[in-house]
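Colleague: Please give me a close look at one thing in this model: how its parts pack against each other. Keep it brisk, and go residue by residue where that helps.

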Amino acid sequence: MCGIVGVIGQDNVALDIYQGLLAVQHRGQDSAGIACFDKVRINLKKGLGLVSEVFTEDNLSRLSGKAGIGHVRYATAGSTPLLDMSPFVVDIPHAIAFAHNGNTVNYLDWEQVFRERIQSCCDSEILLHLFSDKLSQDKHLDVASVFDAVLSFMKDVNGSYSIVAVVERLGLLAFRDPHANRPLVMGKRGNDVAFASESAALDAMGFELVRDLLPGEAVFVEPGGIIHEKVLLPKAPRHCMFEWVYFSRPDSVLEGKSVYETRIALGKQLAKAIERSDADLVMAVPDTSRPAAAGLAEELGKPLAEGMIKNRYIGRTFIMPTQEGRERAMRVKLNTVKSVVKGKHVLMVDDSIVRGTTARRIVKLVKKDAKTLHLASTCPPIKYPCFYGIDFPIPSELVAATEKDEDGVRKKLGADALTYQSLDGLKKALGVKGLCTACLDGDYPTEIPVDVRKKLEAVRANERKKVGSAYV
Ligand code: SF4
């Protein structure tokens, strides 16, 4: 999963992009980068770490250009962090800077085609070369040839992608895959135009949200703010439900739905799945689950308490190789408020349960003081791998896929009771037409042949050994 931002304006845009990237930092902490076009060349700066660690006043001032893009990366493909950083750039035949959020299902085929040219293990670089080749097929570089290249690209790429790109001299391009699986919004500030993974980034840059890009749509903006919009290859929308459940910021609005309000609704729907509760209090696993816990507590008429505190200064770099190290990390990252949970029947809300490793540790932590612990997940059981950019591509790692039933999951986690949201409850709460729920029901938006699935799982399992995973 990654975050992308693109801006074209009247003045240099690097500072805007920097602010936008800060707002989508939660979408990736492995690396950050900005590329701007200054009428002659593409100026690029990228590095490992957080946005605030990569950029300084000095290097931002050298990123001149009135059209630019930015990227924050969380690795879902690739295992060579220094080479995998985005944006990627090509200089010939046309200078293009390219940033991508999503995952390409058929990237192994394209890797064969471009293996002489690519340096990284990242599908984004492959996609850039594919797009560059398509664009170079037309002698006249104009808006029509850009749209032709995007349409041809869409026909050849199986997977999820939201993309922003600067095309030399012409302007800023943004497009979304035919199922609009990954988010991409457009905003305006006078004649300046911006695109971002989430509306919170538009807010941070001082842009007004205009709309989400449509499935299979491309938008091209020329210098001066002339906007060209074209729906090129539309298919039924399959927006990733995980954006509302877990990934996006609560202050973002995607597909017209406030992430915060949908999380409250998820809590209320989850309450309907709990037939009877003797809980003394409801609490959240911080931070994503807070609105859901509030919704659930209100619906059940139970008191809501802050029973757990998260240390915000611990990133995913704080990964320990041993069991003892992981227990230590857990104690630093999360702690209970003992006066709140001591001797209580606790109903604890979590956004989702993926591998179950963290949930098991949290249950153990709370049960040291609580009398009983009932765990409730706002997301139904995750039983199938995701091939579209959320980092759980290996079925054997998913606790709901490996245990026989929900009671098996409960026992594995050590909870006294476990309630999952139903699929119907999730759909009602989100109220979004055209959701991808493939990791819940196995109904994938695009065709993924069994052999491709196995190869992707094997590649990712191998990379996982080197770079780890965010979902534990
Ligand atoms: S499979 Fe699940 S996580 Fe992946 S895109 Fe679909 S809904 Fe999102």
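**Packing, piece by piece**

Modeller: Start with a helix pair: Tyr107, Trp110, Glu111 and Phe114 in helix H5 meet Asp123, Ile126, His129 and Leu130 in helix H6. Bear in mind that the model is predicted. H5 covers residues 107-114 and H6 covers residues 123-136. Their axes are 10 Å apart, at an angle of about 60°. That angle lies between 35 and 65 degrees, so H5 and H6 count as oblique to each other. The crossing of H5 and H6 is left-handed. An α-helix has 3.6 residues a turn, so residues three or four places apart point the same way.

Helix H10 (residues 259-272) and helix H11 (residues 290-300) bring their axes within 7 Å, crossing at roughly 40°. That makes H10 oblique to H11 as well. Here the crossing is right-handed. On the H10 side, the contact residues include Tyr260, Arg263, Ile264, Leu266, Gly267 and Leu270. On the H11 side, they include Pro291, Ala292, Ala294, Gly295, Leu296 and Glu299.

Four strands make an open sheet, in the order E17-E20-E21-E22, with parallel pairing. E17 and E22 (417-420) are the edges; each has a single partner strand, so one side of each has no neighbour in the sheet. From one strand to the next, the twist averages 20°. H11 packs on this sheet and touches E17, E20 and E21. The direction of H11 makes about 165° with that of E17.

Look at strand E20 (residues 345-350) next. Five of its six residues are buried, which leaves E20 mostly covered. E20 pairs with E17 (residues 281-284) over four bridges, in the parallel sense. Within that pairing, Val282 stands opposite Leu347 of E20. E20 also pairs with E21 (residues 372-377), again parallel, through six bridges. His345 has Thr372 in E21 as its bridge partner. Met348 faces Leu375 of E21. Between E20 and E21 the chain passes through helix H14 (residues 357-367), and this β-α-β crossover is right-handed. H14 lies across both E20 and E21, running at about 150° to E21.

One is Lys310, in strand E18 (residues 308-310). How many C-beta neighbours does Lys310 have inside 10 Å? There are 13, so Lys310 counts as partly exposed. Buried would need 20 or more. Leaving aside residues up to four places away in sequence, Lys310 touches Pro286, Asp287, Lys333 and Leu334. Lys310 and Arg290 are 20 residues apart in sequence, with their C-alpha atoms 12 Å apart in space.

The other is helix H1 (residues 14-23). Eight of the 10 residues of H1 are buried, so by that count H1 is mostly covered. The buried ones are Ala14, Asp16, Ile17, Tyr18, Gly20, Leu21, Leu22 and Ala23.

Definitions and conventions
Residues are numbered from 1 along each chain as its sequence is written. This is a predicted model: local features need pLDDT of at least 70, side-chain atom pairs count only at pLDDT 80 or more; totals for chains, interfaces and linings use all residues. A residue is buried if 20 or more other C-beta atoms lie within 10 Å of its own, exposed if 12 or fewer, and partly exposed in between; C-beta atoms are placed from the backbone. Helices (H or I, at least four residues) and strands (E, at least two) are DSSP runs, numbered from the N terminus. Two strands pair if DSSP finds at least two bridges between them. A crossover is right-handed if, with the strands pointing away from the viewer, the path from the first strand over the helix to the second runs clockwise. Axes are lines fitted to C-alpha atoms, for helices over the stretch in contact, and angles run from 0 to 180 degrees between N-to-C directions. Angles under 35 degrees count as roughly parallel, over 145 as roughly antiparallel, 65 to 115 as roughly perpendicular and the rest as oblique. A crossing is left-handed if the near helix is turned anticlockwise from the far one by less than a right angle, and right-handed if clockwise. Two residues are in contact if their C-beta atoms, placed from the backbone, lie within 7 Å.
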